[in-house]
Amino acid sequence: MLIFPTCLTGALLYMASFKDASGNPEFSWAGTVSTITASITALVQFGSMIVAAYYLEQTADKRVDDVAAIVDDAEVKKADDEAAHLNKCYREVTQWNKIPVLPKLLMRSSLACIVISCYIVQLFSSQCFTEHSLTDSIDDNLQGNVGNLFLPLGWIATGLFSASVVLLYVFTGWGKVKAKLKAKEAAPKPEILAYGSSDRTDFDLDLQAAADGIHADELVVSSNDNNNSVASYHRRHSDSQGAHSTSTRF
């Protein structure tokens with residue numbers, strides 16, 4: 001249902017590119033039909049997403065209890081919490097008003113390179129690349145060398161794009177190192193977690209709640225034992241006084 005119209009559109013587009021000896025399209029109807037099938041393909045793919053989203057929402061609404069009953073894996077939950085904490089630290093250390101001069105220079109240089117590259121490609125595309133389509137032959141159109149696709153200005157635009165990526169990668173690496181250091185410094189100690197820190201995870205809270213429940217049960221049992229002991233003492237004391245009164249009468 002999804003694959004057939006897509007493959008059909010591609011096949012028709014390929015057929016429309018064929019030309020006879022006079023330069024006229026060999027399959028003149030293929031271009032028109034490919035446009036129609038491309039529209040059908042877009043409608044089918046869009047409709048499939050709508051249907052999938054509808055059934056996902058219906059299933060999630062009808063089985064709320066089943067979804068809520070699924071227990072989170074402790075190791076996965078711990079990894080997610082650590083990743084979220086690391087991302088928070090990364091956002092904090094990469095605040096523009098907090099980073100040093102060199103990382104700012106890296107970001108500005110990366111931005112300048114990508115902006116210049118995009119403007120060159122958009123405004124002077126014919127001077128950047130050799131005209132080449134999907135059905136053209138590399139041997140005939142590019143003399144068997146893929147590098148001939150790039151003209152001198154195209155190499156400059158590509159170099160600026162590559163430089164932007166490298167500078168951004170260096171800045172991101174610096175930010176990750178700083179975020180890891182901040183995460184280690186801000187990591188809560190085990191004794192802090194045990195005595196009620198606000199940074200405790202849900203797993204820690206569940207363990208604490210279970211421990212509190214066990215402690216409460218022990219207190220209830222101990223209280224019941226104490227009450228039984230007191231009641232037993234009062235009964236023995238009452239029996240002793242009754243026996244003493246009886247002996248006094250005699």
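**View 1. Glu92 and its partner Lys182.** Glu92 is partly exposed, with a relative accessible area of 29%; here buried means under 20%, exposed over 50% and partly exposed in between (1.4 Å probe, protein chains only). Glu92 forms a salt bridge with Lys182, and their closest N and O atoms are 3.6 Å apart. That term stands for a side-chain nitrogen of Lys or Arg within 4 Å of a carboxyl oxygen of Asp or Glu. Because Glu92 lies in helix α4 and Lys182 in helix α7, the pair ties together parts that are 90 residues apart in sequence. Helices are DSSP runs (H or I, at least four residues), numbered from the N terminus. Lys182 is partly exposed too, at 31% relative accessibility.

This is a predicted model, in which local features need pLDDT of at least 70 and side-chain atom pairs count only at pLDDT 80 or more, while totals for chains, interfaces and linings use all residues. Residues are numbered from 1 along each chain as its sequence is written, and side-chain values use heavy atoms, leaving out hydrogens and water.

**View 2. Lys77 and Asp81 in helix α4.** In this salt bridge the closest N and O atoms of Lys77 and Asp81 are 2.9 Å apart. The two residues are separated by about one helical turn, because they are 4 residues apart in helix α4. Asp81 is partly exposed, at 25% relative accessible area.

**View 3. Arg63 meets Asp66.** Look for a salt bridge between these two side chains, 3.2 Å from N to O. Arg63 is partly exposed at 47% relative accessible area, and Asp66 is partly exposed at 42%. The count of salt bridges comes to 3.

**View 4. Lys104, a buried charge.** Lys104 sits in helix α5 (residues 101–123). Lys104 is buried yet has no salt bridge, and the nearest side chain of opposite charge, Glu92, is 17 Å away. Lys and Arg count as positive and Asp and Glu as negative, with His and the chain ends not counted. Leaving aside residues up to four places away in sequence, Lys104 touches Trp96 and Ile99; contact means heavy atoms within 4.5 Å.

**View 5. Gln143 and its positive phi.** Gln143 is not a glycine, but its phi is positive, at about 55°. Most residues other than glycine have a negative phi. You will find Gln143 in the loop between α6 (138–141) and α7 (152–186), exposed at 59% relative accessible area.
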